[in-house]
Amino acid sequence: MIQADFQLQRGNFSLDVALRLPSSGVTALFGRSGSGKTTLLRCMAGLEYQPGGRMVFQGEVWQNSKGFRPVHQRPLGYVFQEASLFPHLRVINNLLYGYQRIPATQQQLQPDQVIELLGISELLQRYPDQLSGGQRQRVAIGRALLTSPQLLLMDEPMASLDATSKAEILPFLERLRDELDIPIVYVSHAIEEVTRLADHLVLLDHGQVVAQGDLQQLLTDPNLPFSQSETASSVLQARVVNADVGDGLSELQLEHQSMLISRCGLQKGQATRVRILARDVVLALTPPDDISLLNCLETQVLDIQPDAGLNPNPSQVLVRLQLGQQTLLARISKRSAERMALKENQGVYALIKGVAVA
Amino acid sequence: MISDADLTALWITLKLALVSTFLLLLLCAPLAWWLAHTRSRSKVLVEALVAMPLVLPPTVMGFYLLVLLGPRGAVGGFLESIGIGHLAFSFSGLVIGSMLFSLPFVVQPLQNAFATAGGRVLEVAATLRASPLDRFFTVVLPLSQRGFLTASVLSFAHTLGEFGMILMIGGNIPGRTQVASIAIYDHVEAMDYAAAHSLSLILVVSSFVLLMLVFALNRRFKVVSL
């Protein structure tokens, strides 16, 4: 468990949080610019000294009223928004900078392993100014990993990258999450990144925690901005049952139901998650068999919410659907909901227009 | 062509420039570091004090130093009383004087270098387990090479050209405190233009070569500038 309690006041901005975060998986600190995400992360790392703060990592006190352990004595890795490589060192020496500063007995991760994981073996002899933005950020991630951290803190590692570099980095972050057993606290204001990477979500606004909990729950909570936004979506856990069923498709199993997606290099038996936008879900009372949509899931109506949020659209409603243990969101027109006489606990078929593997 | 006395004067000039530059770098590094990173209000005061030698006539500083370091001055008198002897008209006095004279030329380049070499990369180094001292030697120093180079050259060259302050604090004792610039003045006063010419030419050529060397080095060092 990670305990992080911080209060601070800076001009108009104040931060007041008391967090208990799980010590496994990826926790996303999510919020708009200026919501205090980065400041909170810096306090957790000890880059910012805040008297009265309290930081306890798996029983080890890093900061309390009696003491403050300086950053260089904490077993953490930190990835900044800009790669901030040492300009006077070649890539290989950037990578080894931290590795050489931890005792040999704590060197859990080896350079070869990390270089392979991040695909940077071609770059080792270059200087940072000879790298692209995406390459630089991968080196920065590798450099942090090579201290074999017990906690990895990442401050919007993709925010300063263009779309191409982002697409290049994301798969590495997913491998990181899946292959290394390190808790990661990930700051972001991009919901797409969060839905792909995070297990646990903390929503911050004006320095306060608005909500925190399991990613799937928070995304489908009708009272939170996620489900109220134009890009409202649900994230569902699934498993690959057949990687190749012909026609370029893979078959997933989702709460004992079958779902077909375009093949994307997933292996049989592999757990994965899919992201479905609420506006890409169509509801039907009987299973139609004469339309082009591939996926049709049997669900039950949990509840029907009027469109809310900053710019509510009175013609729309948000239908929350129960799918086994998971929740699926559908955004349909109010008129359709009335015509179909949708009500709670009613069985409906959810037709999925688009699925993204997240 | 060059008299022994002139050679001695050149040697003293060189020694003075080297010693005072070396000591200045050593003493000013911590001061420049503090100035580059402090948020203290006294920063303005210290910065103004450091810049004073830029605006004061060298004779004014030389005069006060003479008063302070001389046998009846606070510092000189104390040194006299413990048997070391006062510092007026001595090489040590010259070093102190020229250090004071070149202070801003060392502090300012170092302060700029430290300001850019600090910040983010230092935080990165801290998250990579480097202690403060470790960070200074492995990150700050390599990234401020240019600042150190600039500071050394400015201080060295500035000391070569020093005149008024040295005349005040060092007197003009051949073989002990007579430096090249004063020797040239003496030659001109004695109407010995030939000797003044050869000594001046040596200073011109050596300064030029020195600066050439620096600009050449600077090109190479650009690789590591931030």
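Helices and strands are here DSSP runs, a helix being H or I over at least four residues and a strand being E over at least two. The model is a predicted one.

**Exercise 1.** Find what share of residues 12–36 of chain B is helix and what share is strand, and how far apart the end C-alpha atoms are.

*Solution.* Begin with the record: UniProt, in an unreviewed entry, places the feature "transmembrane region" at several stretches of chain B, including residues 12–36 and 48–67. Next, assign the secondary structure, which over residues 12–36 of chain B comes to 100% helix and 0% strand, with the end C-alpha atoms 34 Å apart. Then repeat the step for residues 48–67 of chain B, where the chain is 90% helix and 0% strand and the end C-alpha atoms are 23 Å apart.

**Exercise 2.** Decide whether A:Glu156 is buried or exposed.

*Solution.* First locate A:Glu156, which sits in the loop between β7 (151–155) and α5 (163–179) of chain A. Then apply the cut-off, under which buried means less than 20% relative accessible area; A:Glu156 has 9% relative accessibility and therefore counts as buried.

**Exercise 3.** Classify A:Asn345 by its relative accessibility.

*Solution.* The cut-off for exposed is over 50%, so A:Asn345, at 59% relative accessibility, counts as exposed. The phi of A:Asn345, a residue other than glycine, is positive and near 70 degrees.

Note on methods:
Residues numbered from 1 in each chain as written. Chains lettered and ligands numbered in written order. Predicted model: local features only at pLDDT ≥ 70, side-chain atom pairs only at ≥ 80, totals over all residues. Heavy atoms only, no water. UniProt positions renumbered as here; feature names shortened; annotations may be inferred. Buried < 20%, exposed > 50% of the residue type's maximum accessible area, 1.4 Å probe, protein only.
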